[in-house]
Amino acid sequence: MTVSKEPYAPIVAEYFERVPLAGPLDDRGDDDGADATADLFSGAAGHREHGTEVIFHARIRDRRIEEIRYQVFGCPHTIAACGLAAEGLTGQPVDALRKLTPASLAELLVLPAEKMGRMLVIQDALRNCFLAWDNRGLG
Amino acid sequence: MTLPIYFDYAASTPVDRRVADAMHDCLRDPGGHGNPSATIHAFGREAGGKVEYARAQVAALINAPPDAIIWTSSATESDNLAIIGAARFRSAAGRHIVTAVTEHPAVLDSCRYLERENFRVTYLRPDALGIIDPETVRAALTPETILVSIMHVNNEIGVIQDIAAIGAICRAANVLFHVDAAQSAGRLPIDVGAQAIDLLSLSAQKIYGPKGVGALFLNRHRIGRVEPLFHGGGQERGLRSGTIPTHQVVGMGKAYEIAAELREQGAEQVTTLRDRLWRGVSGIPGVLLNGHPTRRVCHILSVSVTGVEGESLHYALQDIAVSAGSACATASAEPSAVLRSIGRSDELARSTVRFSFGRETTAEEVDFAVDCFEQAVAHLRSIAPSSGTALA
């Protein structure tokens with residue numbers, strides 16, 4: 001059967017299926033017995049009732065995003081965007097959490113204009129993750 | 001098994017090979033190209049004969065006289081002609097119409113159009129199982145009511161309305177009764193006399209006929225005519241001008257003849273498959289059946305599922321061709337009014353899947369669909385936040 005037009009770009013299909021780095025971040029600590037959650041920070045945005053809900057969980061040490069995971073309730077573009085963001089942010093300075101722009105995700109995903117609001121939800125979740133870290137006074 | 005597997009028979013069915021053959025023969029017939037209205041010569045009479053034969057085939061399925069059948073291009077056109085045409089024709093008797101919020105857009109939009117012509121429309125709501133209580137129809141009637149329009153089978157959730165009871169109420173009140181039977185013709189018994197139906201919309205493409213042709217039953221004893229929407233050559237007794245597409249109506253006639261032969265056997269087979277799929281998916285936590293559990297047509301199963309986003313659910317089901325069961329085909333579209341009217345939330349309305357089954361559906365395909373559905377739901381739930389997740 002020939003399908004005339006795929007509704008999503010190949011990168012969306014790939015990330016939707018693979019969902020890299022999806023899931024909660026485990027709260028394992030260091031071997032020295034330090035507080036396992038001391039360097040874990042989370043930021044959420046959106047509402048399930050509105051169709052999009054995103055939570056990012058990041059392990060931040062020495063101002064660097066050591067690990068990042070996400071949980072997402074949303075459309076295929078939103079799911080793919082979370083995966084792309086998480087991959088891109090791993091290993092980056094903590095400031096990257098607040099610098100990621102919806103436009104950069106939209107371009108990668110060939111996002112329909114009417115879905116730009118969903119990228120803003122992702123941006124808000126990442127910024128809230130940064131604020132959780134910043135409010136802890138670790139900066 | 002070739003993927004994707006078709007589970008969208010309520011949207012459209014494949015054309016039965018016998019129907020295609022009949023249409024093909026008609027197109028290839030050296031004399032079949034005549035205009036069926038040009039009865040002055042042999043070519044026209046030959047085409048006209050085919051058209052009348054098809055008219056009788058369609059009429060037989062609903063126990064109507066052949067001359068009560070008007071050819072149209074679709075059930076949508078039939079709905080428009082029935083509602084707008086009857087309302088305009090009867091406007092001197094009153095300007096009130098009763099319908100339901102669960103009707104097909106072809107009915108609802110026709111009613112909204114009439115509201116712009118100063119008709120008043122009452123939109124009834126179903127109960128939580130999707131049923132319109134005939135007593136709510138009775139209660140909605142006023143001395144100004146000229147028309148009631150209630151569909152036989154809901155296209156989204158498959159519930160069957162008590163058409164005979166509503167018809168009796170309308171007949172007793174001398175109000176015209178229109179029924180959209182696009183999903184029920186060929187699947188449920190229809191007797192326009194016994195069910196007191198005055199206007200009935202029919203489709204070909206829903207029962208293995210071609211697209212582009214439909215029909216309207218018009219009870220000439222109850223309503224002599226309707227105000228035509230098309231003007232021109234005066235075909236179909238002046239009710240629907242435009243050259244009759246002989247091969248299309250021949251296809252529709254053949255499809256209805258086959259449907260009459262296969263209805264009972266087909267319904268039993270399809271019911272078995274529908275119930276097999278429901279047994280498979282109902283074991284998944286958070287899967288809800290939409291509509292009445294027993295008063296439902298054989299070929300439609302609508303389920304909503306909690307904890308997954310609708311667009312992603314449908315994308316994850318790429319190997320099975322299902323319908324959203326709602327109008328939210330795009331990011332900005334509203335959730336289904338039918339699902340909202342039976343109490344589903346916006347979130348649940350969006351995460352609804354309509355499976356619909358046909359003659360070609362197999363048990364193996366149903367089992368595959370159950371597996372696909374289960375995997376899709378599990379995949380999406382595995383990455384979703386728990387409901388009400390609290391953040392540290």
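Reader: In what sense do β10(B) and β12(B) pair?
Author: This is a predicted model, in which local features need pLDDT of at least 70, side-chain atom pairs count only at pLDDT 80 or more, and totals for chains, interfaces and linings use all residues. Residues are numbered from 1 along each chain as its sequence is written, while chains are lettered from A and ligands numbered from 1 in the order in which they are written. Strands here are DSSP E runs of at least two residues, helices are H or I runs of at least four, both numbered from the N terminus, and two strands pair if DSSP finds at least two bridges between them. Strand β10 (residues 300-305) of chain B meets β12(B) over five bridges, and the sense is antiparallel.

Reader: How many residues of β12(B) are buried?
Author: Buried means 20 or more other C-beta atoms within 10 Å of the residue's own, exposed means 12 or fewer, partly exposed is in between, and the C-beta atoms are placed from the backbone. B:Thr352, B:Arg354 and B:Ser356 point one way and B:Val353 and B:Phe355 the other, all of them buried. For strand β12 (residues 352-356) of chain B, that makes five of five.

Reader: How far apart do the C-alpha centres of domain 1 and domain 2 of chain B lie?
Author: The bounds come from an automatic or database domain assignment, which gives domain 1 (5-11 + 263-381) and domain 2 (17-258) of chain B. In contact are 23 residues of domain 1 and 21 residues of domain 2. Their C-alpha centres are separated by 28 Å.

Reader: In what order do the strands of the seven-strand open sheet of chain B run?
Author: The pairing in this sheet is mixed, and its edge strands, β2 (69-72) and β4 (120-124) of chain B, each pair on one side only. Within chain B, the order is β2-β8-β7-β6-β5-β3-β4.

Reader: At about what angle to β6(B) does helix α6 of chain B run?
Author: Strand β5 (residues 145-149) and strand β6 (residues 176-180) of chain B pair in the parallel sense over three bridges, and B:Val148 has B:Phe177 in β6(B) as its bridge partner. Axes are lines fitted to C-alpha atoms, for helices over the stretch in contact, with angles from 0 to 180 degrees between N-to-C directions. Helix α6 (residues 163-172) lies across both strands of chain B, and its angle to β6(B) is about 160 degrees.

Reader: How many residues does each chain bring to the contact between A and B?
Author: On the chain A side, β3(A) supplies the largest share, three residues. The totals are 22 residues from chain A and 16 residues from chain B.

Note on methods. Contact = placed C-beta atoms within 7 Å.
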